[in-house]
Amino acid sequence: MTTSRTVIRGGLVITAADETHADVLIEGGRIAALAAHDSDTAAGWTAETVIDATGKYVIPGGVDAHTHMELPFGGTFASDTFETGTRAAAWGGTTTIVDFAVQSVGESLRAGLDAWHAKADAQCAIDYAFHMIVSDVTEHSLKEMDILVEEGVTSFKLFMAYPGVFYSDDGKILRAMQRAAGNGGLIMMHAENGIAIDVLVQQALAAGKTDPRYHGEVRHALLEAEATHRAIQLARVAGAPLYVVHVSAEEAVAELAAARDLGLPVFGETCPQYLFLSTDNLAEPDFEGAKYVCSTPLRPREHQEALWRGLRTNDLQVVSTDHCPFCFTGQKELGRGDFSKIPNGLPGVENRMDLLHQAVVDGRISRRRWIEIACAAPARMFGLYPRKGALAPGADADVVLYDPHAEQTLSAATHHMNVDYSAYEGRRITGRVDTVLSRGVPVITSGEYTGRAGHGQYTPRGICQYVN
């Protein structure tokens, strides 16, 4: 824990609430005070370290509430470890991740959570927390949900997809939702009709349709919308709040908007891949489309406008990455000749803050909305606010100096994720992370990595602040 004082001078401080020309005083790893540049208060501050932020934005560190480091999937593992993945996150201006611990069928929630603690312990460059994937809804696991909420694991993901792996039927989903309604937990839902999708997968393969683009065709947008609708109705019956992950389809956004118009505690996230990529990528020749296989799948380009609109109207509250990287060579290639065997997932934890800043440059969202959807809202949604996602006295000094004028080209040759391709190869971006502090400690300094594995701390969470 640092006890020294740091002052950040001369920057434009941007939070979800306002934009002010202010200096920031950091003490003991926390934000101690903010004061106007030209004030007597700021002038009187002394510190061992002074950081010049002239011409830069000073923003809260990003909170990526949906990552999958070292996730087992389809006979292989996501290629980023907690060490490589959190380092890449820091490079991209993210200072907290919430990863998914996995309960395997037949084991306890505790066993799954312990396994993820073992993977992450002393490995992370930035702070981290866990959600719990519930694969096996039983009397025992329902009781365990109560205990986990008390311990600061306050969200539980269920799957309407992947029969035989993560899938839960409507009865199990309802029971988990009822439990969450009682203990303050938040149910997160992968909303796709996996039973129907499996029929379409078998039919496509039988017809010789084996290329990556068919992954997008069988996972029909209407099957995402149907599952989203069903999840909302089950949550209403249970009296539970609901958070739908990786929303990709216009029809699914419409289901969320309709529920929110009724005043229901229903929330949604989308991801950069759905905002910036499309089925055009899945259709790239020579099996290149495999790089873009994820679930929910990329949609035709016309869905993007509905997602951006949802982010502007707050029908979608959060942008997370669903970072789950698999190398093209040796991992994505497992599905040559059978798209259903391509590991599902994209790399993106390093790119999220930059891509969303590009959306500011392009006029799609405001600067404050950028911070809202990338920092403040995920922190509030998952019980980390105001320690995370804010620049206010008492908050952790997770601070990013962002150069809004720097230009960069996204590429696998220069990114820090442990994966052999970039989903955004060759894309020009305006804006770049310059310096990143995690609890007051520099982890990126003027574009150089100065952090270390083990600096990041496990962070227990409170309950969703939008509901309670």
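This is a predicted model: local features need pLDDT of at least 70, side-chain atom pairs count only at pLDDT 80 or more; totals for chains, interfaces and linings use all residues.
The expected span of a helix is 1.5 Å times one less than its number of residues.

**View 1. Helix H8, residues 221-238.** H8 has 18 residues, so at 1.5 Å a residue it should span 26 Å. Its end C-alpha atoms lie 26 Å apart, in agreement with that value. Buried residues of H8 include Leu223, Glu224, Thr228, Arg230, Ala231, Ile232 and Leu234. Ala221 and Ala238 are buried too.

**View 2. The largest nonpolar core.** This core holds 136 residues. Those with the most contacts inside it are Ile59, Met177, Ile187, Met189, Leu242, Tyr243 and Trp370.

**View 3. Surroundings of Met189.** Neighbours within four places in sequence are left aside here. Met189 is in contact with Leu158, Phe159, Met160, Ile173 and Met177, among others. Its contacts also include Ala231, Leu242, Tyr243, Val244 and Val245. Ala231 is one of the buried residues of H8.

**View 4. The whole chain, for context.** The secondary structure comes to 14 helices and 20 strands. For 468 residues, a compact globule would have a radius of gyration near 23 Å; the chain has 21 Å, which agrees. The C-alpha atoms fill a box of roughly 70 × 50 × 40 Å along the principal axes. Buried residues make up 60% of the chain. Of contacts between residues at least 6 apart in sequence, 76% join residues at least 24 apart. The accessible surface is about 16,300 Å², with 50% belonging to carbon and sulfur atoms.

Definitions and conventions: Residues are numbered from 1 along each chain as its sequence is written. Side-chain values use heavy atoms; hydrogens and water are left out. A nonpolar core is a set of buried Ala, Val, Leu, Ile, Met, Phe, Trp, Tyr and Cys residues joined through side-chain atoms within 4.5 Å. Buried means under 20% relative accessible area, exposed over 50%, partly exposed in between (1.4 Å probe, protein chains only). Contact means heavy atoms within 4.5 Å. Helices (H or I, at least four residues) and strands (E, at least two) are DSSP runs, numbered from the N terminus. The radius of gyration is taken over C-alpha atoms; the globule rule is 2.2 Å times the number of residues to the power 0.38. Accessible areas come from the Shrake-Rupley method with a 1.4 Å probe; for residues, only the protein chains shown count as cover.
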